[in-house]
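Try each task before you read its solution.

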Amino acid sequence: MAGVDELGPSEPVPFWLRNADLPKRLVTALVMLVVSGAALWLGGMAWTVFVLIIGIGVWFEWSTLVLQFRTPGRSRNAWRCAGAIYCGMGSAILIQVREQAAGAALVMLIVGAVIGTDVGAYFLGRALGGPKIAPKISPSKTWAGLLGGVIGASLLIWAVLANAGRILAAAPSAQITAVETAASPMAILGMGMAVAIVAQAGDFFESWMKRAAGVKDSGKLLPGHGGLFDRVDGLLAVTVVFGTIFILVRLSTLT
């Protein structure tokens with residue numbers, strides 16, 4: 001069989017060859033799913049410790065990237081402080097969300113939507129290819145991938161909300177809201193689109209940092225996925241953006 005280098009310049013790369021790393025990615029994803037799922041199910045200290053470990057690890061990788069594209073001085077220190085705030089906010093929001101009556105379901109909704117974005121973007125983007133969104137920042141991201149991300153996020157959001165009767169038993173009012181939302185295709189699509197766009201923006205931001213640092217991945221901890229920051233860049237952005245919006249809305253209602 002021909003390898004990538006044996007293909008002519010005008011020959012399209014076969015789909016199977018573009019996804020040669022898929023088995024490794026799937027195994028790593030399964031391990032991450034089991035570990036994170038166990039921590040989410042246990043809740044309490046287990047979830048808090050898990051989230052803090054991930055948050056500190058992401059900040060370490062953030063700092064490593066910054067050290068490679070910022071010279072010593074105030075700018076570098078400001079970048080590292082900004083990373084600590086960014087990672088700290090994301091971690092604090094996820095910990096606080098889990099503490100709510102329907103916390104496990106809410107975390108599943110957030111994480112599931114981002115996973116749906118990643119999976120949909122990965123498969124549809126690689127299957128269809130097409131025009132790039134920002135080739136100078138992330139050459140692999142296409143508009144087809146973004147569409148796949150919207151579809152994937154919407155499907156995962158619908159799947160979680162449609163099962164609200166079983167997973168939101170501890171919060172009847174949230175259960176009713178979830179069921180009503182699941183019955184509205186436009187609401188589901190709007191949520192999926194919002195999550196996909198914010199998640200992709202987080203992905204682009206990390207890609208810009210890596211390009212500025214001259215590296216392909218933020219780390220090598222996760223086979224097939226790179227580093228922790230590579231894996232949670234979209235989730236971090238979604239958590240911080242929508243968590244901040246929620247907090248501001250709550251504060252406005254209180255005042």
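**Exercise 1.** Find which residues Val215 is in contact with, leaving aside its neighbours within four places in sequence, and decide whether Val215 is buried, partly exposed or exposed.

*Solution.* Start with the contacts: beyond those neighbours within four places in sequence, Val215 touches Leu65, Gln68 and Lys210. Keep in mind that this is a predicted model. Finally, Val215 counts as partly exposed because its relative accessibility is 28%.

**Exercise 2.** Work out what surrounds Arg98, and how far away the nearest side chain of opposite charge is.

*Solution.* First locate Arg98, which belongs to helix α4. Arg98 is buried and has no salt bridge. The nearest side chain of opposite charge is that of Glu99, 6.3 Å away, while a salt bridge calls for 4 Å or less. Leaving aside neighbours within four places in sequence, the contacts of Arg98 include Leu40, Trp41, Leu42, Trp47 and Val107.

**Exercise 3.** Describe the largest pocket: how much space lies in it, and which element gives the most to its lining?

*Solution.* Begin with volume: the largest pocket holds about 1300 Å³. Its lining has 45 residues, with Met32, Ser36, Val111, Ile115 and Arg231 nearest the centre. Elements giving two or more residues include α3 (44-69) and α6 (143-162), but α2 gives the most, 13 residues. By type, the lining splits into 33 nonpolar, 9 polar and 3 charged residues.

Definitions and conventions
Residues are numbered from 1 along each chain as its sequence is written. This is a predicted model: local features need pLDDT of at least 70, side-chain atom pairs count only at pLDDT 80 or more; totals for chains, interfaces and linings use all residues. Side-chain values use heavy atoms; hydrogens and water are left out. On a 1 Å grid over the protein atoms alone, a cavity is a set of points where a 1.4 Å probe fits but cannot get out, and a pocket is an open set with protein on both sides within 12 Å along at least five of seven lines; lining residues have an atom within 4 Å of a point. Grid points are joined across faces, edges and corners, and a volume is the space filled by probe spheres set on the points. Helices (H or I, at least four residues) and strands (E, at least two) are DSSP runs, numbered from the N terminus. Ala, Val, Leu, Ile, Met, Phe, Trp, Tyr, Cys and Pro count as nonpolar, Asp, Glu, Lys and Arg as charged, and the others, Gly among them, as polar. Buried means under 20% relative accessible area, exposed over 50%, partly exposed in between (1.4 Å probe, protein chains only). Lys and Arg count as positive and Asp and Glu as negative; His and the chain ends are not counted. Contact means heavy atoms within 4.5 Å.
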